[in-house]
Amino acid sequence: MTTTTTLPRLLQRCAGLALILAPFANNAVQAADPAPFDLPGPGLRVTVTRGGVTLPIGEVPDLASGDRVVVQADLPEDQRARFLLVSAFLSGATNPPPKKWFASAETWKRKDKDRVLTLTVPEGAKQLVLFLIPETGGAAGTIEDAVRGKPGEFVRASQSINQASLDRSRLNAFIAAIRAQENSHPEFLKNLAPVLARSLAIKLNADCLAKVVEFQAACLLEDRESLVLADVHSSSVAETLAGAPTDLALQLSYTREGGLGYYSPYIAVVRDIARVFGAFSNPQFNYLPALSLRERYRVSLVLNTAPSFAKPKSVLVASMPAIGSDSPPRLRAASDAPLCGANPNFVLPVEGAPLIYSTDYARNMVLRVGATEVPVEARAERGGYVLKRPLSPSPASGSIEGQLTGYWGYQPFTGPRFKLQFPTAEAWKAGADATSLVIGRDNGLTLTGPAPACVSSVSMRMGDAAPQPVAYTVEGDKGLALTLPLKDARPGEVTIEVRQMGQAAPATITLRAYRQASKVIELSVHAGDSTAQLTGQRLDQVAAVQLGGLILKPDGLTREGDVDRLRLSGTGEAPRAGELSARVTLTDGRTLNLPVTVRAPRVQVSILDKSVQPKDVTAPQRLSVPQTVLPDTARLVFSLRAAAGGLSASDALEIAAAGGPSVRLAAGLDLQLQGQDVLVARLDPSALGPSAFGPLRVRLVRGAEASDWQPLTTLARLPKVEGVVCKQEDCTLSGNSLFLIESVATTPAFEKPALVPQGFTGSTLKVPVPQDGRLYLKLRDAPDQVVSLATT
């Protein structure tokens, strides 16, 4: 795990070390920015032996009391300047080391006993510092006096050099990987750089990845000294001593690997030590810090200032690993998702220890699966460990656990555990959501089966069409979450193909996609009814509804905005009041269940009596209309009786013309209660509007419920007849709105009627000669009724 807080820039740390160890004119710290550490210096070859096992220095994160350390200069054969190699063990800020903790070797000599340092780490030592000094008489004694005089300053310098060296190793690994990718496949930097940055705890400038490919690498490496972030493993001891750091930017030098003592971090080192170390400036020596980059047996020293071989001569100061127990890093799995053991290229994702990528401290690492051990290699660009050879033959089928093991330096190291999956012959199955696949949108689908981590691809085929790729994610140990692209699909068969590593043929699952199913909201029905109303959306897909023993079929669909209302009528046993479940069958065979509350029986009414009363009793009445017809010049007075339950003043009557307007009569002059079960109503047909005609029906309305419709009467518009004039055998009827007359006859039987043309607009009409002073009319609004016309 790495913090997201940027630490002091790496070169500033190193430059601070230069200030710590550099001579100061008149004991004043120079204000100019020191040069970066980019000068290659001399090298060293170092081995460490513990318990009979010898390791190169690059594999040793810490030293221990009793270790045998062999150090020799690694100089070119034509090296002309002679260096004296001096070692010093340190034991703390307040405890000057004894003289026997110092040793020196003359690197230009030919005999090993003269040019090689063979050291044994003494009990109580905490740090080992190496000095390379141009050949000068008395140099070893001068260094010894300086270290014994101010041991704490060298302790602090050793810590900072060590930590800066480790930080530099991470930065170098990042730079090398970026440049290698730039030289091979720069187009993949966009995907590789974030993984590298997470692995090595390097700050990533995401804006660089938006640039064109040719400029991405250069951008990622700009201002490289500011890229290093804190490493929790390096900071763990400091957190133990002081609690969680409030400013992680100050914690970079807190590290057991760096030989942490009880001192300030880097910023305090720059502020305090530089001033104190000015006391070591003298005309003879000038101290230069050197970063120690350890790779196998070689330690490459990197400088920020060219050494001087004239007075004051430069003393190169390098630090070896700290002495003391360095706990292995808290390496953990970066994901708890299962991995496919059948995939030869799978990665064991880890986090929490960037040094596994930039150093060789983690050695002999293997993945242990059962009794099988496979060597692994840390790859920063992959984000974890990869197998050096395939895990073959498979140690198991199904799921099994594997664990990283190895050594951290000399200590056995146990890493995280991983779930590994291997394909089996078990079939894949679709989840419950497979029954609700609908076209017109993308659909989620869950599959369960063996080793989902080994799935390499999923495709979908509609009928005989070409397969389409399907996006998927692994869910848990046995699940796949798919997103089926059904937005532009048609209803029909859907075949899902699941391909797995290690399996020759894909597994297939056949499903069916439907149109968007009806959404049923409510079924409104009363006890005893054989009709009902279904409310919802897309109800045109409803084929039938079964409610107990009643089978209902669609009988008219209406839409009000986004809401469908489907009238249903049926046959069978009418339901009783109570809670039931309706089964809605769609046209494609799917079924939906809907809970239904069957309401109490609806109130029912019957007509007791009715009469037609003229609006103007003084007006002459030429036309005689039967009581079964309501002329538009009259009112209808009628009475109704409630079958059960009684009536109340809040009840209303709704009267409607067929397919036309309606009117509601509420309690008042036009609607009065005679008693608890009888209503008397008065209807003026003008309330229905001028276009109302034909059969009228009535029902009782009580709140949101209503009774069945009852036929009431037939509303007829009457023509305005002014008179009939006859001349011999030729008679003429005159008036207005004569188009309302369908035919005219001399008898009620209409043996030889005179037909009125459709759309007649005239004001006179030829009619037969009346008999007994009367003619008989049939009106278009009531063609089954006979109206008599008095001609005299």
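I take helices (H or I, at least four residues) and strands (E, at least two) as DSSP runs, numbered from the N terminus. The model I examined is predicted.

**Entry 1: the chain as a whole**

I looked up the secondary structure and found 9 helices and 54 strands in the protein chain. I then turned to burial: of the 792 residues, 48% count as buried. For the surface, I noted an accessible area of about 37,400 Å², with 49% of it belonging to carbon and sulfur atoms. I also checked the sequence range of the contacts. Among those between residues at least 6 apart in sequence, 65% join residues at least 24 apart.

I traced an open sheet of 5 strands, whose order is 6-5-8-13-10 and whose pairing is mixed. At its edges I found strand 6 (102–106) and strand 10 (285–289); each has a single partner strand, so one side of each is left without a neighbour in the sheet. Neighbouring strands here are turned against each other by 25 degrees on average, direction ignored.

Within this sheet I followed strand 5 (residues 83–90) and strand 8 (residues 127–134), which run antiparallel and are joined by 8 bridges. I looked up the partner of Phe 83 and found Pro 134 in strand 8.

Next I asked which helix lies across these strands. Helix 3 (residues 139–149) lies across strand 5, strand 6, strand 8, strand 10 and strand 13 (313–319). Relative to strand 5, helix 3 runs at about 25 degrees.

I then examined strand 20 (residues 398–408) against strand 21 (residues 411–422) and found antiparallel pairing over 10 bridges. Opposite Trp 408 I located Gln 411, in strand 21.

**Entry 2: Glu 560**

I placed Glu 560 in strand 33 (residues 550–560). Why is Glu 560 classed as partly exposed? Its relative accessible area is 48%, and the class covers values between the 20% under which a residue is buried and the 50% over which a residue is exposed. I also looked for a side-chain partner of Glu 560 and found Arg 565, the two side chains being joined by a polar contact of 3.3 Å.

Technical notes:
Residues are numbered from 1 along each chain as its sequence is written. This is a predicted model: local features need pLDDT of at least 70, side-chain atom pairs count only at pLDDT 80 or more; totals for chains, interfaces and linings use all residues. Side-chain values use heavy atoms; hydrogens and water are left out. Two strands pair if DSSP finds at least two bridges between them. Buried means under 20% relative accessible area, exposed over 50%, partly exposed in between (1.4 Å probe, protein chains only). A polar contact is a pair of N or O atoms within 3.5 Å; within protein, one must be able to donate a hydrogen and the other to accept it, and residues adjacent in sequence count only if both atoms are side-chain atoms. Contact means heavy atoms within 4.5 Å. Accessible areas come from the Shrake-Rupley method with a 1.4 Å probe; for residues, only the protein chains shown count as cover. Axes are lines fitted to C-alpha atoms, for helices over the stretch in contact, and angles run from 0 to 180 degrees between N-to-C directions.
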